[in-house]
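Visitor: I am new to this structure. Please show it, and then take me through a few of its parts.

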Amino acid sequence: MAFNISDVYMGFWTDRSEENPFLRAKLTLSADLAKFLTAFFAMYVTFAASKLWDITAYLIHFFRQGRITERCRPVLRQQQVVLKNSLSPGSTAHRLLQIWWANRSHPLTSRDSWPLVLFAVLCGIGCLAAGLYSNKIVDMSPRVEVLLNSPNCGFVDRSNVSTPDNVSMRVMQYYLDSLAAATEYSRKCYNTTSTQDCGPFTEPMIDWATSWDAECPFSDSMCLGPAMRLDTGEINSNNALGLNSEPKDQVNLRKVTTCAPIIQDGYTAVVVSNVSTATTVKPITDDKMIMNVYGPSRRKLGGNYTWGVSEDAASSTLTRTMWMEYYYNGLFANLSTFSPIPELNRSTGDGTLCFISSNGLLFVEPCDDPVFATHASHYDVTDDFTYYLADRVTGVLGCLEQYQWCNPSTKDCTIVGSLADTKEEFAQALNPTAMQSATVHMLVLVLNNLANIPFLGSEVTENLMANQKVNGQIQFPLPSNQWQVEVQGWHATVMKLLQEGILRWVIGPSDAILQDHLLPPTSPEQAALCHLYRIRPGPSVGAANVSAFGLFFVLTVGTVVILASLFLDGVAALLGRFSRTVRTKQRAWIEDDALQLQRMAYEADARVEEEGESGRGPGLVWKGRDEDVPAVEGENAVLGPLLGSEDEPEAIELATIEERPAAEEPEIFKERAKAPERRWSM
């Protein structure tokens with residue numbers, strides 16, 4: 001089934017199948033908008049990470065400043081400058097390594113450098129991880145889960161499809177498409193390790209437990225050997241079936257299917273073909289009909305005849321055929337196609353008889369399977385080969401389908417019984433919520449219309465595994481338990497039909513003619529279910545999910561970090577009014593800025609070179625000494641190169657403070673320098 005972006009709900013929603021409470025809230029967007037959001041997150045997280053490093057560098061500088069107010073090693077002063085002026089942890093680590101290398105001969109340089117280097121590297125890794133995590137917030141994977149939002153919710157009415165008109169043909173084709181899709185999915189998903197082609201369902205497979213030696217589902221005398229029992233256990237409406245109901249509104253479904261080959265001795269009759277007994281359109285004169293006597297069919301074949309096959313038709317038909325007769329109990333009894341004999345009638349379930357005819361197929365070797373038994377030899381002159389024909393014109397396989405409903409909130413369950421009886425008991429005895437009742441009602445519609453063994457008879461060729469080994473008229477070898485292989489395949493298809501049926505109920509038909517024959521929801525709760533179904537539509541739809549928690553977390557934390565970094569200096573200046581220590585350390589942070597250091601260099605240069613040439617004269621006045629960016633007053637002020645540039649390569653040695661007369665001491669050093677300074681080459 002193809003989906004469009006219009007079928008997907010766009011906006012915030014809660015994924016109640018998610019176990020992690022922080023990941024339940026999601027925002028569904030178009031893939032194009034999600035790509036833009038991904039790019040925005042990457043840039044935003046990178047910017048916020050840089051501001052977080054600004055705060056970190058400030059704190060390191062602040063707490064280290066108490067160690068270096070007096071005399072200290074030059075490397076410590078240089079590190080403070082690097083902390084103030086580096087823009088990222090990576091650039092900080094690089095500059096700190098350069099300082100370490102330049103001063104590596106000093107015995108304490110490694111101790112002073114490597115902790116800072118490693119811390120900067122770790123911060124850089126953390127920023128990188130944050131950037132990578134931001135991509136995880138947006139889920140654009142092929143298996144992304146979204147909510148459906150279809151205006152055509154409901155089942156297509158197939159109650160009046162007996163007339164072969166255009167509407168009836170479209171209705172039948174609609175349901176046959178469901179069967180074909182479920183058959184294809186079941187073949188790809190079960191008995192395989194890959195789940196890529198399991199359809200758009202949130203749960204690729206619905207598992208079950210198999211008992212190979214179960215009791216006969218009917219009277220013991222009716223079964224040929226042990227029966228086969230397939231039990232799904234409790235299937236949760238959310239986890240396994242894709243609904244998105246609140247915990248109190250969820251239901252659990254259990255389906256038990258028990259099958260066995262049915263005895264035919266004493267339950268067959270040979271009659272002459274006529275209009276009453278014939279199951280073909282034009283009965284052949286004097287042809288013999290092999291009738292199965294398991295209870296009268298509504299086809300009115302006469303007596304207790306359930307089904308029959310013409311001997312002539314069987315021998316001349318070169319393909320395998322299958323027919324199903326079934327009965328229901330409770331409110332659905334009127335849908336039965338035959339009335340079973342007491343030995344087959346079980347009120348605790350819904351029964352089906354599968355009549356499988358191998359007809360004129362030529363088996364290359366005998367088959368001991370009780371349903372596909374083949375031992376009659378047939379020599380073919382043309383092929384010069386001995387083939388084998390079926391022992392009987394029909395093999396009979398009987399199945400009993402049983403159901404059980406449970407309320408997960410109370411742990412109460414109905415009996416294991418027929419579909420109608422268990423539905424009625426659920427409503428009367430389990431005290432369900434209105435949403436639970438609506439969910440059971442919808443699932444019963446799916447089970448009754450699609451997800452059952454009788455519906456498989458609509459596609460005989462696809463739903464018989466034995467036909468996968470047929471080439472023309474030749475049947476290649478079958479195992480002695482082929483009937484069990486068939487039952488396993490049927491059950492897998494029924495499980496997929498259950499998922500496919502829910503999907504089709506929610507999405508509705510796209511055909512305008514079929515929409516006119518839609519049976520819409522009959523209650524507000526049923527209508528609400530139309531918007532509570534999760535699927536994985538695939539990349540072609542162009543939908544993506546954004547974690548609401550991740551979105552909120554990134555935007556909140558990032559905004560707080562950015563604002564904190566912007567107001568950090570202002571807060572420190574405010575605190576400095578009440579604390580001399582804070583004021584001193586804040587002043588050191590400002591003066592270690594590259595532009596403030598440039599200002600100091602020009603002021604020192606102007607005092608050393610008093611001739612005032614090249615714009616370096618003492619007449620220049622600087623403002624903004626306590627701000628991030630100092631500036632020179634005057635509209636026509638210019639600055640020349642500092643001493644030590646390529647124009648003036650000579651080195652100038654500054655005298656220590658003790659060696660310089662007090663009158664010549666630069667004003668800039670009076671407050672900060674109390675100990676002799678080292679000599680620098682400029």
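Guide: Some ground rules come before the tour. Buried means under 20% relative accessible area, exposed means over 50%, and partly exposed lies in between, computed with a 1.4 Å probe on protein chains only. This is a predicted model, in which local features need pLDDT of at least 70 and side-chain atom pairs count only at pLDDT 80 or more, while totals for chains, interfaces and linings use all residues. Residues are numbered from 1 along each chain as its sequence is written, and side-chain values use heavy atoms, with hydrogens and water left out.

Visitor: How many helices and strands does the chain have?

Guide: Helices (H or I, at least four residues) and strands (E, at least two) are DSSP runs, numbered from the N terminus. Of the 682 residues of the chain, 48% count as buried. The elements in the chain come to 16 helices and 26 strands.

Visitor: How many disulfides are there?

Guide: A disulfide is taken as a pair of cysteine sulfur atoms within 2.5 Å. One of them joins C216 and C223, with the sulfur atoms 1.9 Å apart. Another joins C406 to C413, at 2.0 Å from S to S. The count by this rule is four.

Visitor: Is the disulfide of C216 and C223 right-handed or left-handed?

Guide: C216 has 15% relative accessibility and so counts as buried; C223, at 11%, is buried too. The torsion about the S-S bond of this pair is about 65°, so the disulfide is right-handed.

Visitor: How far apart in sequence are the parts that C259 and C399 tie together?

Guide: C259 and C399 form a disulfide with an S to S distance of 2.0 Å. The torsion about their S-S bond is about 115°, so this disulfide is right-handed. C259 lies in strand 9 (residues 252–261) and C399 in strand 18 (residues 395–407), so the parts tied together are separated in sequence by 140 residues.

Visitor: Does C413 count as buried or partly exposed?

Guide: The torsion about the S-S bond of C406 and C413 is about 110°, so the disulfide is right-handed. C406 has 2% relative accessibility and counts as buried. C413 has 32% relative accessibility, so C413 counts as partly exposed.

Visitor: Which cysteine sulfur is nearest to that of C127?

Guide: C127 has a relative accessible area of 22%, so C127 is partly exposed. C127 is in no disulfide, and at 6.6 Å the nearest cysteine sulfur is that of C123.

Visitor: Which strands are the edge strands of the open sheet of four strands?

Guide: Two strands pair if DSSP finds at least two bridges between them. The sheet has the order 1-2-24-3, and the pairing is antiparallel. Pairing on one side only marks the edge strands, which are strand 1 (11–14) and strand 3 (138–139).

Visitor: At what angle do the axes of helix 7 and helix 8 cross?

Guide: Axes are lines fitted to C-alpha atoms, for helices over the stretch in contact (heavy atoms within 4.5 Å), and angles run from 0 to 180 degrees between N-to-C directions. The axes of helix 7 (residues 419–429) and helix 8 (residues 434–449) come within 11 Å, and they cross at roughly 175°.

Visitor: How far apart in space are Q499 and A182, C-alpha to C-alpha?

Guide: Q499 is in helix 10 (residues 482–507), and Q499 is buried because its relative accessible area is 2%. Neighbours within four places in sequence aside, Q499 is in contact with residues including F201, E203 and Y533. Q499 and A182 are 317 residues apart in sequence, and in space their C-alpha atoms are separated by 8.4 Å.
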